[in-house]
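Hi,

Here is the structure I promised to pass on. Have a look at it first, and then read my notes below.

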Amino acid sequence: MKLYSLKMRASAASKHVSGSERIVEAAEVPRSTADLAERGMSHPRGPVDFLNVKIERLQEADILHLDALPVSTVKTKDSREGREAMGAFLRGLEIASPDKVLRVLDAARGMRGAVLLDADTLERLEPDHTRGVRATCMDRERETEEPPCKSKNHYAEALVLATKVAHAPHIIGELCISDDPDYVTGYVSSAAAGYRRITCVKEMGSEDGGRVFLYRGDRAGVRETIDYLERQPVIVSGLKPLNAEAPRPDKWKFLSESLDGLRSQGLYRTLRRMDSAQSAEVLCDGRKRIMLASNHYLDFSSDERVRKAAAFAAEAFGTGSGGSRLTTGNGAWHERLEKALAEFKACESALLFSTGYEANLGTIAALMDKDCVIFSDELNHASIIDGCRLSRARIVVYRHNDMEALAKTLRRTPFERGLIVSDAVFSMDGDILDLPTFVQLSEKHGLLSMVDEAHSTGVIGKNGYGIVEHFNGQARPDVLMGTLSKSLGVEGGFICGRELLIDYLRNKARPFIFSTSMTPATAASSMKALELLRTEPERVLALRDNVRFFCERLTDAGLPAHSETAIVPIAVGDEKRALRVAEELWKRGIVLSAIRYPTVRRGEARLRAALMSSHTKEQLAYAAKTIAAVLKAL
Ligand SMILES: *Cc1c(COP(=O)(O)O)cnc(C)c1O
């Protein structure tokens, strides 16, 4: 390989204007010569009188190959900060008077070469103080076929020079401020510190600039240093593009900032650990507490027969189902439970999902698409909201449980195909959907109707069968969603409806298709809980009696309360106050949730008491009295 050194110099009125150099292969010499000439001719300092490109053959054996110094960036907002960064670098080199060195740098203005400065005595060692010492005969390793770069790449050229200088004998460091008026960035470099870009070291438009090489050693070495700097050919490899080294913002920062925001608004959430089965009373944080926050309204989770059903299924069929229902995960337990659920809800067919959340998400997203409209109650559960969003349908939110508002919205909104969806019992306030009107409106407008029975199954209706029974079978939604995780005390979700609907969902609902089906123990224990719900309606009656009793006690204590479901809301308002109240109740042995934004609207925080069929009257009387007292005190 034949390598040539190309050096360009341009001057005007005998004054230096610009200079540049390259080391290239023979074949690249003509093109590079033209590039360099163009650069010399187009320098921002103005017209050129004299331009010279010197072309010299190099011997490959003489060339020193170096890896580029590692690069870092110090962001400075003005020249003062920039000089401070340079001072810090000098102190790192154990230089006694950094300020004096910086003054030498200032005085170097207009010099072609660099000051060669004894770092300790501050004596100038360059033989010609006007010219200075020049580091030349170097280039970065060039790719063959590299497209010509006409504009000056300050960064790459400076890094090549700094790399060569940092390896010079007796040189311990370098300082540089460009004299280019359009360029305010400077750098400091050494073999140990690498190449440290300082983003601002001078004012824009200033032609101040200079270069200082810091020498440490006795005078005998000076000749060797200058020879290396001016004559040793060096090729530097491993330069990375500047943006690759720029310090990137901390990729985790937005998480901690977001959490700090939640903390400051009283919206930060933490976990509380329960150390016993979920029942009317639980063990947590070392003591027994009255549980007024569980969704297990009928306390099936702690029922021995339900637990035995889970244990039996796990013993007989193992712990996992091994796949989605459509692959290997379909067992007799799943099919039997679906059949029982369809019968329980008096529908043609049913489909299981691993959670209620997935049932809503998967069903709504499968039924609706971007050309549809979904009418959704403003207090619908998050899983409904997420399903609507995932479907990409247009979402029209109507006022909470306001059928007149819904009717008006329906008249006003044009659509071809759509869905109205609502909680049957609203999860935070425990109020009940006006199902007959809801279904009537959907029929009138040719919309599918969908109702989420998470909090109605096992709670409302004469026998706890849910919202259809509650309205004496007058009305029936097209899509009935329910959970196994609330009253039934286990885990899972389901959809009931006509076989056509279920067949469609089996083929289209992605959480059904792509998620492992529920475990045999889950299906078997749900099946047992469902059987007990049907054979022992007294649990439903006990729950209803408890709610009536609890509301009476609250009302007696000055907190008027009413609920037809298992959920008794107690308004608080401010998020932080709601948290403090829940915290105080916790201290007094009551577990009760503070419901805050985004679950409910901002400023409408509340306590949500959830009752169970197994609470005793003593527990409820104590809880009502304590809640009233704490609310009064805080
Ligand atoms: C809890 C709940 C769900 C989600 O059910 P999971 O089984 O907990 O996933 C859906 N809708 C409503 C109204 C709920 O309260």
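The chain is split into domain 1 (3–62), domain 2 (64–243), domain 3 (271–292 + 538–633) and domain 4 (303–418 + 435–454 + 467–534); these bounds come from an automatic or database domain assignment. Keep in mind that this is a predicted model, where local features need pLDDT of at least 70 and side-chain atom pairs count only at pLDDT 80 or more, while totals for chains, interfaces and linings use all residues. Residues are numbered from 1 along each chain as its sequence is written, and side-chain values use heavy atoms, with hydrogens and water left out.

Now for domains 3 and 4. Their C-alpha centres are 28 Å apart, and the contact (heavy atoms within 4.5 Å) involves four residues from domain 3 and five residues from domain 4. About 380 Å² is buried between these two domains, with 45% of that coming from carbon and sulfur atoms. Buried area here is the accessible area (1.4 Å probe) that two parts lose on being put together, summed over both.

Next, the helices (DSSP runs of H or I, at least four residues, numbered from the N terminus). Axes are lines fitted to C-alpha atoms over the stretch in contact, and angles run from 0 to 180 degrees between N-to-C directions.

Helix 19 (residues 575–587) packs on helix 20 (residues 617–633) at about 135°, and their axes are 10 Å apart. That angle makes helix 19 oblique to helix 20 (under 35 degrees is roughly parallel, over 145 roughly antiparallel, 65 to 115 roughly perpendicular, the rest oblique). Arg-577, Val-581, Glu-584 and Leu-585 of helix 19 touch Thr-626, Ile-627, Val-630 and Leu-631 of helix 20. By class, that gives five nonpolar, one polar and two charged residues (Ala, Val, Leu, Ile, Met, Phe, Trp, Tyr, Cys and Pro are nonpolar; Asp, Glu, Lys and Arg are charged; the others, Gly among them, are polar).

Helix 18 (residues 538–556) also meets helix 20: the axes come within 9 Å and cross at roughly 30°.

What about helix 10 (residues 356–367) and helix 11 (residues 382–391)? Their axes are 8 Å apart, at an angle of about 30°, so the two helices are roughly parallel to each other. Among the residues that meet are Tyr-357 and Leu-361 in helix 10 and Ile-384 and Cys-388 in helix 11.

Cheers
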